[in-house]
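Hi,

Here's the structure I promised to pass on. Have a look at it first, then read my notes below.

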Amino acid sequence: MNRCRVATVTMLISVAAPVYAANPFLDALDDKPVPAKFRGTEWSDEIQEEEIPLTARVVTTRIAKMPWGAIFKIEFTDLESRAKKTRQIRPDYFIVTDERIVLLNEEDNDAAVKKISAMDKAPTFEDRDVRGITSGKLNYEEGPWTTTIEIKGNECTYLASHNSGHFTKIVWKKGVALLEYASGYGAHADGFRLKRQK
């Protein structure tokens, strides 16, 4: 009789624990870096032409795994173009759950990763930090910024735009991860657009 009670209690505890299934737009089997070639264009006030070709190596690495999710670092390396000044794109860190891809935007992201990866459950996220969803659509406005995140087929598109011309666009693809990354400032004053190559 006592064995049945112990088995029932154990089963209830294991069912109640949160389990990270995987996010179809950003996931990894292990912590090994996954490189990909990206190609696109860049522009700025310092570039004579409207836009010039830009290439980059984008490296995606899972840097932490928790029962409720994972944290990924996406780095843009080996950027090449004809511009006199080499473009720098800082790495992005993303907290990933079954339903969301959220930008980690702290002053010290490495310290934040250690803190968040030790948590028993996912932190609460602000809509303004969400960069991907797994279903439906998310719209919000904050001051002069308008943001839309939506699913179309196998892709999730994040598009944030400012009434002055600033924008950020991120496209995720199921089973692939980052497909496109673009960012611009002002009315075509500075920016880039990169797409994953097959």
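Start with what covers the buried residues of helix α2: the list includes β2 (52-66), β3 (69-81), β4 (92-96) and β5 (100-104). Keep in mind that this is a predicted model. The buried residues themselves are Asn109, Ala112, Val113 and Ile116, in a helix that runs over residues 109-117. They sit on the same side of α2 because they cover an arc of only 105 degrees around the axis. Why does that spacing work? An α-helix has 3.6 residues a turn, so residues three or four places apart point the same way. Lys114 and Lys115, on the other side of α2, are exposed. At the start of the helix, a side-chain oxygen of Asp108 comes within 3.3 Å of the backbone nitrogen of Asp110.

Now for the aromatic rings. The whole structure holds four aromatic pairs. One of them is Trp43 with Phe167: the ring centres are 6.5 Å apart and the planes are at 15 degrees, so this pair is stacked. Trp43 belongs to strand β1 and Phe167 to strand β10, so the pair ties together parts that are 124 residues apart in sequence. Both residues are buried.

Phe76 and Tyr181 make a tilted pair, with 5.1 Å centre to centre and 55 degrees between the planes. Here strand β3 (Phe76) and strand β11 (Tyr181) are involved, so parts 105 residues apart in sequence get tied together. Phe76 is buried at 8% relative accessibility, and Tyr181 is buried too, at 12%. Together with Phe192, these two form one aromatic cluster.

Cheers

Notes:
Residues are numbered from 1 along each chain as its sequence is written. This is a predicted model: local features need pLDDT of at least 70, side-chain atom pairs count only at pLDDT 80 or more; totals for chains, interfaces and linings use all residues. Side-chain values use heavy atoms; hydrogens and water are left out. Buried means under 20% relative accessible area, exposed over 50%, partly exposed in between (1.4 Å probe, protein chains only). Helices (H or I, at least four residues) and strands (E, at least two) are DSSP runs, numbered from the N terminus. The arc is that of the directions from the helix axis to the C-beta atoms. Contact means heavy atoms within 4.5 Å. A polar contact is a pair of N or O atoms within 3.5 Å; within protein, one must be able to donate a hydrogen and the other to accept it, and residues adjacent in sequence count only if both atoms are side-chain atoms. Rings of Phe, Tyr and Trp (its six-membered ring) pair if their centres lie within 6.5 Å; planes under 30 degrees apart count as stacked, over 60 as edge-to-face and the rest as tilted.
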